[in-house]
Structures are given as structure tokens and as C-alpha cells.
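Hi,

Here is the model I promised to pass on. Have a look at it first, and my notes on the aromatic side chains follow below.

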Amino acid sequence: MGISNKLRLSSRMLHRRILYSSARSFTTSEGHRPTIVHKRSLDILHDPWFNKGTAFTMTERDRLDLRGLLPPSVMDSEQQIQRFMTDLKRLEEQARDGPSDPNALAKWRILNRLHDRNETMYYKVLIANIEEYAPIVYTPTVGLVCQNYSGLFRRPRGMYFSSEDRGEMMSMVYNWPAEQVDMIVVTDGSRILGLGDLGIHGIGISVGKLDLYVAAAGINPQRVLPVMIDVGTNNEKLLKDPMYLGLQQHRLENDEYIDVIDEFMEAVFTRWPHVIVQFEDFQSKWAFKLLQRYRNRYRMFNDDVQGTAGVAIAGLLGAVRAQGRPMLDFPKMKIVVAGAGSAGIGVLNTARKTMARMLGNTETAFESAQSQFWVVDAQGLITEGRDNIDPEALPFARKTKEMERQGLREGASLVEVVREVKPDVLLGLSAVGGLFSKEVLEAMKGSTSTRPAIFAMSNPTKNAECTAQEAFSILGDNIIFASGSPFKNVDLGNGHVGHCNQGNNMYLFPGIGLGVLLSGTPIVSDGMLQAAAECLAAYMSEEEVLKGIIYPQISSIRDITKRIAAAVIKEAIEEDLVGGYREMDARELKKLNEEELMAYVENNMWSPEYPTLVYKDD
């Protein structure tokens, strides 16, 4: 290469670095580009991707044949938000379908109507009020939405693939109008939150998750796709409901089921080779099988298995810090886990790997880590003496003779296990509301920990193993409390506060998805998930964790996501899996320092600003 060419290349790379390291406005570089549209007049106003409502400038109104179709006053986006928020507060009660309709569902309806007509405005409102509205668009309200989805359905959002579409999915996928899709959230509706088989109603969870990918991670909303795979339902109520919108047949099983999912995965990755697919709320028997089947072939992960595990690990590491100990003391923690479904086993596997890595990643380290867990399911304590143990739970089955020495047996109750083990942590992933009864919580008083931890992680709220009030009222203020759904902090009197930490998956999955996208990695590795969890655990200051605060405020979600995405990219570089993204190739990505990497992530996060629209005839 000649000297002049080398100089030009150096200059180009330096210019790009300056771009990444310089301060930028709230909008990304992508947001500053004019957007070419192929429609005008009412077609624009009826398209939520491009509609700006009263924010269209007079120049745009002339250019797009909108003059006279809108009131003459031009409003900026802040004025629009002010108008919407005023209307929302006024309409919340009016939108209710009688006194039995929860206020949260009324809020969801109003927000959904905004989403239907103006996506940019919707996400601007959601981001600005994320702490208030995340529980509306995601858990716990999304569970209520899914339960009532046939009645709430107004406008299709996402795609529906069914077992009746076998042989057609490769062509069907081209019906979606977006040329590029970065993120897909897919469910089969078989295990929505802790509510069981909701069939096609499960599409609500895919929509809700992607709303958070946009709000928290800045994934462009025009490049996300919610998907429902309808293979039937075993919910007898839905099978008999004449208003049900899905297939009214029992679920496919065995190879027939696998064939449908295989065809879907092949179709979406054929059209969009670089898409990331997040599996959501698949029942346990399929969650692990599908994860193992696809994780080394496609860019995919399962949030119930891997995301829940990562958030729980971050909380457990935070609980260690809250005792004034270093995170490296985690392998010494005794943990009783209530629940052996996909979430419970996912947490167990990740926690074991984390402990083993801290102990040196040897065979002895894995055995030592395994001995720190006692798993209790609906049949009680799992030991090697049980018949037909789930293969996924088998590594955590306790030895029968060892349990006899501890005064325990196969099938021992949760309260018996807590009394005998005296654990540092009681971790609930059972989806059984109230499982941590007064008797179980009283038994935790015998914990050998200086500051025991109660993790009631099941969703939605009614499935939480206990409430924050119950835990603090029985165990006092010297505990760590975390839950999957939001609870208010508990006033303990004398100026003391019992902090309720919401261990919400939204702390992790947006950052994992963004990091995978921007790194260009072909797979989502265990190391990346581990890096994400450790980044979240380290986010809280020492002062905060000593107060019992182990998870950050939801209002910080975009900053958290940015840091987690950077951690995922760094791990991809470490594992030599980085492939680059757009103009940033793998070689240049590896050269970015910490500050430049953070800027690179931030500059690729979409923000809800109206683009300039330019009409072009097809």
C-alpha cells in the first residue's frame, strides 16, 4: 500500500474515532437522516411509523399533501407529550370497562391507542416515564393483557405463524414490510409468565418485550418483530371459547412440534441472516431443548432460562456485597431454590457456573459449587432417591445418605429444608403465590447468614412467593429482599426503610440484545451472559448495597443497558467472536478504548425524534 493510501486510511479511521468519542445529542446519527417515504396525504397520517400528527411542519404539510388535513397550529413533540399526559390522566377512569377493570389495564389501553397511531410519540412518552409505564407495557400488567387479548385485539401487531402454515413459512416471512429486522421476540404461548397456557394470547408478551428493547436499548422500532407461533393450546377454556382467535386444537407434540419451530427459524434467518431471536415463555420441556438445538447455529437466547438466571445472579452477587463481603465469597453461599422449571434450572446452572469459575473452573470446583444448592419442587426436596427425575434437575439432586445425615429425606417440605439447611438465600422461582408462608419465613430466622436474602422472583404479582411487607414484618430489617414484580418499599418505623428490589429481566435482556447486535457475534455465549450479569451486579455503589439496595432504579435503564451492551461486546472481543456492525468492522471495534466503546454503543441507540420526511414516488 502506498504512503498516500496509508495516510488516507489513517485519516478516515481517526475521523471515525473522533465521531465516536465526541459528545452527541439525544438523537442518533441515523435519526438525522431524512427518511424516504412512498406515501402521502391520509396514508401518512394512518401510518404509525411515519405519522407526526400536529408536529408536521408547514413545509412538510405542503410536501406530503397534508395541508388542510390537520389543524393549522404546529406543535413540537414536548407540547404533544404535555397534551397526551393531560388527556391520559383525564381518560384513565373513563377508559375502564366498569368497576372491575383495573386502572393499569385502562392505562394500557390508552398507551396502546397512541402506539397504533404514532410510534415515535409512544416511545418518547414511554422513555420519559419508564418507571411508571414499564409495569404497564411489561410485567405485571402484560399478564392481564394476555389473559384478555382476544377481547382487546384491535389492530394486528407482529406476525402469526401456525402449524397450518407448514411448508409456507419461507414465503410468509416476506409479507413483513421491513427490509431489515434486528430483533425478534417469539413465543408459543405455552407458559405466559406464571399464568400457564394462554395460546395465541401470548403475542402480548412478545409485543411488551420489544417495547422495552426499543425504550431501554434503542433498537429501532421499525426493525423489531413480535412473533406468535400457534401450535394449538391445551387450555380447555380457550378451546371452547367462540371468541378465541387462535387454532382451537390441542398442542402439537414431539417431532411435529419441532418441525414447526425448525421451519420458522430457517425462514427468518434466511430473510434476515443477522437477526437476533429471543425465545420467550416456552414451557420448560421445550425451553431447554430448543435452546440447546439452536444456540450454536443461530443468534438466539432464551430469556426465561438465561435472562432470569443473569438477573438472579446479579442479585445474589449483590446480596454477598450487602453483607460487606467481596463477590468472590459467592461460592460459600448456601442457597435453597423453590422451583425446578425452566427459570429455576436456568438460575441453578448459571449460579453453579459462576461459583465454579470463581473457584478455578476445575471438576472439583463444579462439584463444590453443586453442593451449595438444595432444590425443592412441587414434590418436595429433590434427591437421587426420586423416580423419574427431570434430566435437567438431576445434577442438583442431593445424595440420599448425605441428606439423612442432615435430617432430611426425598420429598422433604420447603419449611423442613429451610430449618435444617439454614440457608443464606431463599430463592423462589415456583410461580406459586404465597409459597413463602409465615412458617417458612419464620424458619429463615435460623439462617447462619449475617444478612439473609429472600428472593420472591415469580411473576406476575399474584404469583410472588411472598410480599415485601410479609418478609420484613417477620424477619425484620436486616434482610435483603428482591422480587420479580414491583412492590413498594416497607416503612419499618424509626426512619428505617425495608428496600424492595425488583429483579426484573428488563435490566439484562435489552443490553444483551444490543451488545450482540453491535458486536456482530454469530452466537450468544455463556461468557457474554456472565459478563452482563457481573456488569449489573457491579452497577450499584458500595453505599447502596450496604443499605440493602441491590438493583438500580428503572429510571436508569438506558444507562444500565448501555453499560451491559459494552460488557457483552468486550466479552465477544475476548472470545474472538466479534464480527462488527455496519461501518465498524471487527478490526476497528477491537481497537476502541473504554470511552470510545461506550460512545459507539450510545451512538447506535435509536431515540424517538421525528425525522424529516421526503416523498419519493415508487
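Tyr122 is buried, at a relative accessible area of 3% (buried is under 20%, exposed over 50%, partly exposed in between, with a 1.4 Å probe and protein chains only). Tyr123 is buried too, at 2% relative accessibility.

Before going on: this is a predicted model, so local features need pLDDT of at least 70 and side-chain atom pairs pLDDT 80 or more, while totals for chains, interfaces and linings use all residues. Numbering starts from 1 along each chain as its sequence is written, and side-chain values use heavy atoms, with hydrogens and water left out.

Searching the whole structure turns up 14 aromatic pairs. Rings of Phe, Tyr and Trp (its six-membered ring) pair if their centres lie within 6.5 Å; planes under 30 degrees apart are stacked, over 60 edge-to-face, the rest tilted. Tyr122 and Tyr123 make an edge-to-face pair, because their planes stand at 75 degrees, with ring centres 4.9 Å apart.

Tyr507 and Tyr551 are stacked instead, since their planes are at 10 degrees, with centres 5.7 Å apart. This pair links distant parts of the chain, 44 residues apart: Tyr507 is in the loop between strand 15 (500–502) and helix 23 (509–519), Tyr551 in the loop between helix 25 (542–546) and helix 26 (557–574). (Helices, H or I of at least four residues, and strands, E of at least two, are DSSP runs numbered from the N terminus.) Tyr507 is buried at 2%, and Tyr551 at 3%.

One aromatic cluster is formed by Phe269, Phe279, Phe282, Tyr294 and Tyr298.

Cheers
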